[in-house]
Amino acid sequence: MTGASLEPGAVLGVLGGGQLGAMFAGAARRMGYPVVIWDPDPDAPALKLAELPLVASFTDKPAFEKFSTSINAATYEWENIPASMVQALEHRVPVRPAARILRIIQNRLEQKNFLASCNIPVAPFHAVTSSDQLAVPQSIGFPALCKTATLGYDGKGQWQLSDQEDVRRTQNELAGQAQHTWIVERFLPFEKELSVLVVRGANGDRRLYPVVENVHEGGILKTTRVPAAIDDKTAGQAAALAGATIDALNGVGVFCVELFLMNDGRLFVNEVAPRPHNSGHYTLDACTVSQFEQQVRAVCGLPLGDVKLTSPAAMVNLIGEDFTKATTDAGIQTFLRDAGATLHVYGKKSVRPGRKMGHVTFLADRREIAAERATSLISRLAG
Ligand code: AMP
């Protein structure tokens, strides 16, 4: 697709059928675009929303034929899909973001090398290509983190290295893995974790959502608060850094740039997601145009939408058993009494520890009140 846009009626393909794919499908269908969803898991929640659901491995040739001949453009909701397949797909239909970007992002080492080569500040890092080479060089120092180069998400594939004993123990663990590239990076004692959603159109038009503040638990996002409780100067710097990161990638689509804010005001990019992000779910309820509608617009070459925050908000992820507690009679009655609360359930078949089952967004006139409601839900779930 070079300039022309896709009109309603065009069919959009999505690689991956999780909640991000389902929310994309919801936006696409509302705008008149049927979707084809491809996922290897027959229980993937987005499949129910597809005009054509495809259940097959991402290396399945007949599925590739079916997918590529049924759609007018494609996107993905998960970065761990084979980049070679996405590249082959690009020969048939426009894919946004491009396979070139997916290749950089899906490998942590390539991503860090790319960002560093563009003078984007990242934690000092070091590549490890065999388990017996695992070490924490002086330039990085303890404490450090070891992360898998590929297939790591939600804090999986991450080891804390506080001393030489940790290094030895981790070496033994890595020796048993098929994976053979890792990075060791400096542990940054950040003050806050921030993120910025960046939407970029094919014509280079760019929109940035407000800077949000995230809290993780065990490597998994627990809450997002927007706007972040930071001064305007820091917010401006975070936005500028996120925008520069996606400009450097020359990306088209929706991206999330995750940042660490240090207590001396320095900002570092942790990682980039080439798709809508959990920390952007608040946009469904608190912005004029959601991150998922923006993804539809970017994929179809339509004008990008407004990114204005219509209300301060706080989002709480319902993870594992928290979901069961929150959605049983008493739980649901309590938090839905808040006029500004909305519930989103992803429709996954079974509850598993660490599995994102849904989320709740609280809107309020003031950021502090939205945050308080989120905190109160979290403490009720913990109690
Ligand atoms: P990641 O898989 O890189 O997104 O890491 C998951 C979480 O681990 C992040 O959201 C941070 O809370 C934490 N983390 C990752 N890298 C670092 C780092 N270099 N220093 C401190 N914490 C980190």
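Asp-247 counts as partly exposed, because its relative accessibility is 36%; on this scale buried is under 20% relative accessible area, exposed is over 50%, and partly exposed is in between, with a 1.4 Å probe and protein chains only. Before I go on: this is a predicted model, in which local features need pLDDT of at least 70 and side-chain atom pairs count only at pLDDT 80 or more, while totals for chains, interfaces and linings use all residues. Residues are numbered from 1 along each chain as its sequence is written, and side-chain values use heavy atoms, with hydrogens and water left out.

Back to Asp-247. Which residues does Asp-247 meet in a salt bridge? One is Arg-200, at 2.9 Å from N to O. A salt bridge here is a side-chain nitrogen of Lys or Arg within 4 Å of a carboxyl oxygen of Asp or Glu. Arg-200 lies in strand S9 (residues 192-200) and Asp-247 in helix H7 (residues 232-249), so this pair ties together parts 47 residues apart in sequence. Helices (H or I, at least four residues) and strands (E, at least two) are DSSP runs, numbered from the N terminus. Arg-200 counts as buried because its relative accessibility is 9%.

Asp-247 also forms a salt bridge with Arg-206, where the closest N and O atoms are 2.7 Å apart. This pair links distant parts of the chain, since Arg-206 sits in strand S10 (residues 206-208), 41 residues from Asp-247 in helix H7. Arg-206 counts as partly exposed, at 33% relative accessibility.

The structure holds 19 salt bridges. Another one joins Glu-293 and Arg-297, with the closest N and O atoms 2.8 Å apart. These two are four residues apart in helix H9 (residues 291-300), so about one helical turn separates them. Both Glu-293 and Arg-297 are buried. Salt bridges with shared partners join Arg-30, Glu-293 and Arg-297 into one network.

Next, the sheet that H9 packs on. Four strands form an open sheet in the order S3-S2-S1-S4, with parallel pairing; two strands pair if DSSP finds at least two bridges between them. S3 and S4 stand at the edges with a single partner strand each, so one side of each has no neighbour in the sheet. Neighbouring strands are turned by 20° against each other on average, direction ignored. S2 and S3 pair over four bridges in the parallel sense, and Trp-38 has Leu-54 in S3 as its bridge partner. H9 touches S1 and S4, and its direction makes about 140° with that of S4. Such angles run from 0 to 180 degrees between N-to-C directions, and the axes are lines fitted to C-alpha atoms, for helices over the stretch in contact. Contact means heavy atoms within 4.5 Å.

Now helix H2. Which residues of H2 (residues 61-70) are buried? They are Ala-63, Phe-64, Phe-67 and Ser-68. Down the axis of H2 they fall within an arc of 120°, so they line one face of the helix; the arc is that of the directions from the helix axis to the C-beta atoms. The face turned away from the buried side of H2 carries the exposed residues Pro-62 and Thr-69. The cover over the buried residues includes strands S1 (12-15), S2 (35-39), S3 (52-55) and S4 (73-76), and helix H3 (83-90).

Last, Leu-174. This residue is in helix H6 (residues 164-175). Leu-174 counts as buried because its relative accessibility is 1%. Leaving aside neighbours within four places in sequence, Leu-174 is in contact with Ser-131, Leu-134, Cys-146, Trp-159 and Trp-182.
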